[in-house]
Amino acid sequence: MENKNNIKVHVSHLKKNFGHLEVIKDISTDVYEGEVVVILGPSGSGKSTFLRCLNRLEESTSGEIIVDGNKINDKKADINKIRENIGMVFQHFNLFNNLNVIENLTLAPTQLKKLSKEKAVEEAMHMLKKVGLEEKAYAFPAQLSGGQKQRVAIARSLCMHPDIMLFDEPTSALDPEMVGEVLQVMRDLAADGMTMLIVSHEIGFAREVADRVIFIDNGYIIEEGTPQEVIMNPKEPRAIDFFNKVL
Amino acid sequence: MIQLISDYSKLLLTAMGHTLVMALYSLVFASFIGLLFGMLSVLNSKVCKIIARVFVDIIRGVPMIVLAFFVYFGIPYAFKNMLNIRFTFTSLQAGIICLSLNCGAYMAEIIRAGIQSVDKGQMEAARSLGMPYWRSMKKVVLPQAIRTMIPSIINQFIITLKDTSILSVIGFPELVNTAKSVISVTHQSFQIWIIVGFMYLVIITLLSRLAKRLERRLNRSSGEQK
Ligand SMILES: Nc1ncnc2c1ncn2[C@@H]1O[C@H](COP(=O)(O)OP(=O)(O)O)[C@@H](O)[C@H]1O
Ligand SMILES: [Mg+2]
């Protein structure tokens with residue numbers, strides 16, 4: 001699936017402190033084009049912080065992050081332009097509450113890509129169809145179920161045609177019966193060749209979809225490899241302990 | 001009483017007009033001041049936050065009557081003594097300055113609280129799509145913040161309208177001052193204050209009705225069904 005010739009995300013010696021709290025201590029990794037990387041680890045280990053450093057929602061303390069050839073932490077980098085290319089899906093959806101579904105999807109494209117309203121709506125409808133929600137185009141976020149909100153959020157990101165998608169526990173805030181519909185959309189995306197970094201506790205999904213699993217604990221990557229290696233045969237005691245609890 | 005009303009209605013209505021003019025100007029300036037300092041206090045900058053904090057604390061910590069005397073008498077006096085420049089504010093100008101500052105400080109707090117009441121995730125989602133800070137603020141955060149602010153803003157406007165009466169101390173011929181002069185001629189304190197009280201009551205009731213209607217309209221047009 002992945003194209004080893006093309007590095008999409010390069011992270012080297014990333015460090016992130018919040019005041020005196022060292023959250024990311026030293027993380028290095030490369031993500032290739034089309035690769036699906038699932039990030040696992042105990043709560044509070046720095047998974048969200050790692051993901052948020054990648055699109056500079058958090059300023060990293062030191063280290064280098066290169067996404068699609070752009071140095072994220074370069075003061076001269078046009079971070080807004082770079083972010084257009086990095087979709088992000090949040091645990092709590094973060095749909096714009098003041099806008100209906102179609103407006104949620106067309107806001108950024110019309111504002112940033114100078115797309116005409118008609119063209120943007122047409123494209124948004126296409127994306128909604130992809131996530132199976134055309135009939136909700138004119139609903140407001142408050143009228144949607146959690147699973148529907150998350151699918152809209154994914155469609156909203158897709159409308160910017162990103163090369164890379166970041167998912168921060170996209171199913172953790174959902175009722176169990178809605179997890180499947182969101183995972184299905186992500187599965188489709190993976191099959192389409194999207195480069196994806198996914199923080200998730202869905203071990204089954206990771207085993208099925210991930211090209212690679214990264215296990216983060218206490219600000220370090222302590223295991224990294226295929227799902228088979230990391231999930232089924234972890235070597236580090238803390239990883240073994242974690243999988244014993246969740247499997 | 002009827003005689004009193006017919007004799008002095010014109011005078012009192014003019015005074016009411018003065019009160020409204022002072023309040024309206026103040027509300028407009030206060031909105032700008034409030035927006036400016038409210039924004040400063042949510043920016044990601046210590047200096048901006050401190051500037052906003054100091055402004056709000058000073059204005060809220062000083063009674064408006066003191067502020068009024070300071071602006072109307074104190075400032076021109078200082079200019080004359082220290083710089084040898086003669087100038088005076090009219091009582092209307094001084095009144096508008098005081099009310100704008102006072103109302104502006106409270107507006108800043110309302111705006112700050114309104115913006116902070118919007119979930120941080122809204123701004124983050126907009127930024128993650130590549131929208132610049134101010135555009136995200138304008139398109140996503142402020143529309144949601146304003147909805148929660150409206151009742152407090154209306155309330156603050158009503159308070160400011162009533163506070164115009166405090167500016168009678170610097171001699172602006174608004175309603176209270178005019179009423180006092182009428183009483184000094186007619187000696188009918190009881191009746192005049194009833195009339196004046198009634199005038200305030202009518203205006204404020206009308207305004208709050210209008211505001212309620214506006215609030216409903218805004219909620220409807222923003223479309224969110226609760
Ligand atoms: N904005 C922040 N300010 C201070 N501490 C934070 C902030 N965000 C996260 N942290 C802390 O960083 C640590 C890692 O958090 P996070 O990356 O959210 O972990 P995870 O997503 O793996 O559960 C936690 O101890 C958390 O309290
Ligand atoms: Mg997290």
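A salt bridge is a side-chain nitrogen of Lys or Arg within 4 Å of a carboxyl oxygen of Asp or Glu. In this predicted model, local features need pLDDT of at least 70 and side-chain atom pairs count only at pLDDT 80 or more, while totals for chains, interfaces and linings use all residues. Residues are numbered from 1 along each chain as its sequence is written, and side-chain values use heavy atoms, with hydrogens and water left out.

**Salt bridge between the chains**
- One salt bridge is counted between chain A and chain B.
- Arg52(A) and Glu124(B) meet through their side chains in a salt bridge, at 2.7 Å from N to O.

**Extent of the interface**
- In contact (heavy atoms within 4.5 Å) are 25 residues of chain A and 22 residues of chain B.
- About 2,100 Å² is buried between chain A and chain B, and carbon and sulfur atoms give 54% of this area; buried area is the accessible area (1.4 Å probe) that two parts lose on being put together, summed over both.
- On the side of chain A, Phe96(A), Asn98(A) and Gln111(A) lose the most area to chain B, together 26% of what that side buries.

**Surroundings of Arg207(A)**
- Arg207(A) counts as partly exposed because its relative accessibility is 44%, where buried means under 20% relative accessible area, exposed over 50% and partly exposed in between (1.4 Å probe, protein chains only).
- Beyond its neighbours within four places in sequence, Arg207(A) is in contact with Pro227(A), Ile231(A) and Met232(A).
- The C-alpha atoms of Arg207(A) and Gln228(A) are separated by 7.2 Å, although these residues are 21 residues apart along the chain.

Notes
Chains lettered and ligands numbered in written order.
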